[in-house]
Amino acid sequence: MNRERRTFLTYSALALAGLASQWAALEPDRLTTALGGRRVDDELVDWLEDTSAKLTALPTEQRQHTIKLMDAHLTTVTDLLEGARYSEATGRRLHHLAASLSSTCGWYRFDQGQHYAAGKLWNAALTNAHTARDRDLGAGVLSDFAYQSIWLGHPGSAVEPLSQALIHTSHPTARSLLYLRRARAHAALGAAADCHRDLAAAETALLTDAADPAPGWCRWMSTADLAVDSGQCLLDLGRTDEARARIDEGLTLLPRSRDKTRGVFRTYEARSLVQAREVEQALVVSTESLDLATRIGADRCVTLVRELAPAFKPYQQVDGVPEFLERLRTA
């Protein structure tokens with residue numbers, strides 16, 4: 001084992017001690033023997049899964065400081081898949097974990113505006129989900145790719161992946177999210193009838209009871225997300241007053257723990273306020289959103305606020321607007 005790998009193992013053990021202190025002394029040795037060609041046992045995979053769950057459960061603001069741990073965790077799982085011995089069942093667990101970690105690490109790159117890097121990680125996630133025979137997780141990764149396409153201004157590229165994803169998942173919460181994202185794509189394309197059909201399907205699915213918990217990749221999906229993204233669809237379709245009502249409803253329902261989502265939603269709210277010519281309130285909301293995005297280290301959300309600049313430029317006579325535009329220019 002080279003010096004870099006030894007340093008990595010020591011660093012990982014120390015850094016993760018607070019998350020799984022009972023394994024602080026045991027796991028580095030167990031990991032070393034697994035990477036040395038010995039068989040991976042269930043106890044190690046249990047620990048890897050538990051640690052992953054704790055990392056991904058951290059609040060948004062903390063995750064910006066722990067992404068290196070997440071990257072290291074993904075590297076560890078990938079090394080085990082490539083260099084260790086394991087049973088078929090254990091291999092499926094490792095591939096599932098690699099898919100989940102790749103998806104999460106991809107989202108961090110997406111939030112930083114590193115879209116190529118995000119795409120590479122999501123491609124790895126899709127491959128691992130396929131190998132793990134987890135169609136639900138694969139559908140979630142396809143949905144991530146589609147969301148990225150919508151975000152980058154290519155909604156036409158999102159419709160088919162979302163349609164394919166809907167074929168491969170049956171949980172109502174997952175289907176609700178997929179319908180909602182396809183509605184966003186249709187709205188951006190100006191396809192009002194298709195958009196409203198998918199919004200109705202998203203609402204029906206979200207209200208459908210299910211015997212099993214939602215897949216992890218969409219467990220956060222809620223009525224708040226449905227309301228705000230429905231409002232964004234209505235904004236794209238030019239129905240500003242209805243959009244504002246839906247966005248306000250969603251912001252009221254959103255838990256305080258979801259800061260990144262709140263920042264995105266507040267930007268949607270600001271856009272609706274500018275369109276309604278309520279510039280002073282739009283300025284307040286935009287400033288709050290920019291402050292939040294800066295605090296949690298979400299460059300994607302900062303960019304979203306920056307894209308409001310053209311809407312504010314006609315109102316430079318309003319107090320605070322010139323200063324806000326200058327801040328956006330240097331953000």
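Me: Let me start with one side chain: is D50 buried, partly exposed or exposed?

Reply: D50 is partly exposed, with a relative accessible area of 31%. Buried means under 20% relative accessible area, exposed means over 50%, and partly exposed lies in between, with a 1.4 Å probe and protein chains only. Before we go on, this is a predicted model, where local features need pLDDT of at least 70 and side-chain atom pairs count only at pLDDT 80 or more, while totals for chains, interfaces and linings use all residues. Residues are numbered from 1 along each chain as its sequence is written, and side-chain values use heavy atoms, leaving out hydrogens and water.

Me: Which residue does D50 meet in a salt bridge?

Reply: The general idea is that side chains of opposite charge can pair when their charged atoms come close. Here D50 meets K54, at 3.2 Å from N to O. A salt bridge is a side-chain nitrogen of Lys or Arg within 4 Å of a carboxyl oxygen of Asp or Glu. Both residues lie in helix α3 (residues 42-56), 4 residues apart, or about one turn of the helix. Helices are DSSP runs of H or I with at least four residues, numbered from the N terminus. K54 is partly exposed too, at 31% relative accessibility.

Me: Where do the partners D229 and R184 lie?

Reply: Their salt bridge has its closest N and O atoms 2.9 Å apart. It links distant parts of the chain: D229 sits in helix α11 (residues 223-236) and R184 in helix α9 (residues 172-188), 45 residues apart. Both D229 and R184 are buried.

Me: How many salt bridges does the structure hold?

Reply: It holds 20. D42, D46, E49 and R93 are linked in a network of them.

Me: Now helix packing: at what angle do α7 and α8 cross?

Reply: Two packed helices are described by the angle between their axes and the distance between the axes. For α7 (residues 135-151) and α8 (residues 159-167), the axes cross at roughly 165° and come within 9 Å. That makes α7 roughly antiparallel to α8, a label for angles over 145 degrees. Axes are lines fitted to C-alpha atoms over the stretch in contact, and angles run from 0 to 180 degrees between N-to-C directions.

Me: Which residues of α7 and α8 make the contact?

Reply: From α7 come A139, L142, S143 and A146, and from α8 come P161, L162, Q164 and A165. Contact means heavy atoms within 4.5 Å.

Definitions and conventions:
Helix = DSSP H or I, 4+ residues; strand = E, 2+ residues; numbered from the N terminus. Parallel < 35°, antiparallel > 145°, perpendicular 65-115°, else oblique.
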